[in-house]
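Have a look at the model first, then work through them with me.

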Amino acid sequence: MAEATARNIAPAQGKLGVLCVGLGAVASTFIAGVELARRGKAKPFGSLTQLATIRLGPRTASRTPLIKDFVPLAKLEDLVFGAWDPIPDNAYEACLKCGVFDKHEHVEPIKGFLQRLEPMPAVFDQHYVKRLEGINVKKGRTKRELAEALRKDIRDFKTKHGCDRMVVVWCASTEIFIQPGPAHQTLEAFEKAMDENDVTIAPSMLYGYAAIMENVPFANGAPNLTVDIPVLEKLARERGVAIGGKDFKTGQTMIKTVLSPMFKARMLGVAGWYSTNILGNRDGEVLDDPESFKTKEESKLGVLEYILQPALYPDLYANLYHKVRINYYPPRGDNKEGWDNIDIFGWCGYPMQIKVDFLCRDSILAAPLVLDLALFFDLAQRAKMPGVQEWLSFYFKSPQVAPGLYPEHDLFIQHTKLKNTLRWMMGEEQITHLGTEYYEYGKE
Ligand SMILES: NC(=O)c1ccc[n+]([C@@H]2O[C@H](COP(=O)([O-])OP(=O)(O)OC[C@H]3O[C@@H](n4cnc5c(N)ncnc54)[C@H](O)[C@@H]3O)[C@@H](O)[C@H]2O)c1
């Protein structure tokens with residue numbers, strides 16, 4: 001096999017500023033968790049960048065470094081956090097309100113650190129998130145002015161905190177459903193639409209635009225279009241900025257993208273898949289609005305179609321009935337219950353059922369994803385890999401892909417792709433799992 005060459009990756013020197021759009025349950029749990037890990041008070045379970053190893057070379061070589069020792073990632077100690085939110089709570093108040101962490105064990109010991117993190121005024125408009133009211137909000141005559149104000153925030157934060165590099169992660173509420181339209185095609189149309197306060201330019205797009213214009217990578221953890229529009233994809237490529245999304249793949253969809261490849265691998269049919277969730281946090285309240293739910297529903301529904309390929313396997317999957325529900329149920333808070341009933345069929349069409357009841361914690365699952373995305377997007381930026389980061393599809397329910405491609409949803413294909421991309425970056429051989437050299441007939 002030809003020797004691979006490593007990419008020229010700039011070192012991860014200095015501080016990395018991580019700006020979260022939104023300082024709600026996910027963002028505050030992420031930030032508090034990193035601080036707890038830095039102080040040795042908790043472990044960053046769920047994070048590949050902190051815990052996973054990567055196999056290099058043949059199995060006999062026994063080379064399995066930690067990912068963080070293999071690729072040059074920013075260290076937890078070098079992260080500096082900031083946020084925007086229309087709700088003025090600081091990170092301490094946000095942690096207490098969302099009730100994810102135990103107050104005495106995990107919040108009080110880092111109270112001072114959390115209190116110092118006050119959210120910057122947000123670009124927020126209730127038209128796009130009906131169930132929220134914001135008071136910590138920027139004022140501007142046009143959307144262009146608001147985008148410029150966000151750009152200034154990014155520059156000011158970088159200077160104030162002496163950051164070497166920055167990254168922005170959307171951890172804010174799910175906006176109403178918007179389809180790509182004329183204003184999202186070219187930079188000229190997009191800028192004109194910002195000047196004219198066009199309703200198809202959502203606040204999240206302004207954050208995406210601002211980050212790209214400041215040459216700052218942007219990852220989108222919610223299902224809103226945001227940077228998944230032609231104009232921002234092109235702008236990111238042209239300016240050399242890493243972007244990606246959408247929607248953190250955490251609970252029910254993670255399970256779906258593990259089980260459905262199993263059915264397909266064994267050629268088992270699926271007649272129906274009913275998924276429901278009960279959730280009582282602010283995200284659940286926002287998603288109780290039909291227009292925000294529509295955005296989430298699209299993101300959750302897509303995965304089975306792509307994985308099961310009904311056009312290729314009509315007998316097995318063409319009649320699959322797929323339903324997704326989210327019900328706001330306050331008593332559960334952030335502890336979501338995701339329940340699935342799957343009707344499958346096997347040999348000669350005989351039916352079987354699988355029930356999954358995932359009693360999860362939404363933000364506990366999402367927080368390590370925010371960390372990995374911040375570190376990997378910063379890595380991609382230093383490795384000069386602009387545009388959509390498809391190799392990070394692993395983290396998203398509805399992965400953004402290059403134009404003309406369909407997304408890869410299977411969690412283990414995504415995982416292989418992520419690790420092979422890291423190998424490729426560092427000039428290591430790809431692992432194909434072929435292993436013919438170990439067979440008898442391969443030895444002559
Ligand atoms: N497992 C998970 O928790 C999970 C999985 C996938 C996606 N998500 C998505 O992540 C996002 C955050 O989830 P959460 O549980 O932290 O919700 P949350 O409601 O606790 O926090 C969202 C925060 O965003 C703020 N916000 C809304 N619009 C904003 C704007 N324009 N600018 C700045 N801030 C804004 C809100 O005021 C709120 O504080 C949601 O969109 C959710 O759908 C979460």
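A residue is called buried under 20% relative accessible area, exposed over 50% and partly exposed in between, using a 1.4 Å probe and protein chains only. The model is predicted, so local features need pLDDT of at least 70 and side-chain atom pairs count only at pLDDT 80 or more, while totals for chains, interfaces and linings use all residues. Residues are numbered from 1 along each chain as its sequence is written, and side-chain values use heavy atoms, leaving out hydrogens and water.

**Exercise 1.** Classify the ring pair of Tyr313 and Tyr317.

*Solution.* Start with the rule: rings of Phe, Tyr and Trp (its six-membered ring) pair if their centres lie within 6.5 Å; planes under 30 degrees apart are stacked, over 60 edge-to-face, and the rest tilted. That rule gives 11 aromatic pairs. For Tyr313 and Tyr317, the centres are 6.3 Å apart and the planes at 80°, so this pair is edge-to-face.

**Exercise 2.** Classify the ring pair of Phe376 and Tyr395, and say whether each residue is buried or exposed.

*Solution.* The centres lie 6.4 Å apart with planes at 50°, so the pair is tilted. Phe376 has a relative accessible area of 0% and is buried; Tyr395, at 2%, is buried too. Finally, widen the view: ring pairs join Phe376, Trp391, Phe394 and Tyr395 in a cluster.
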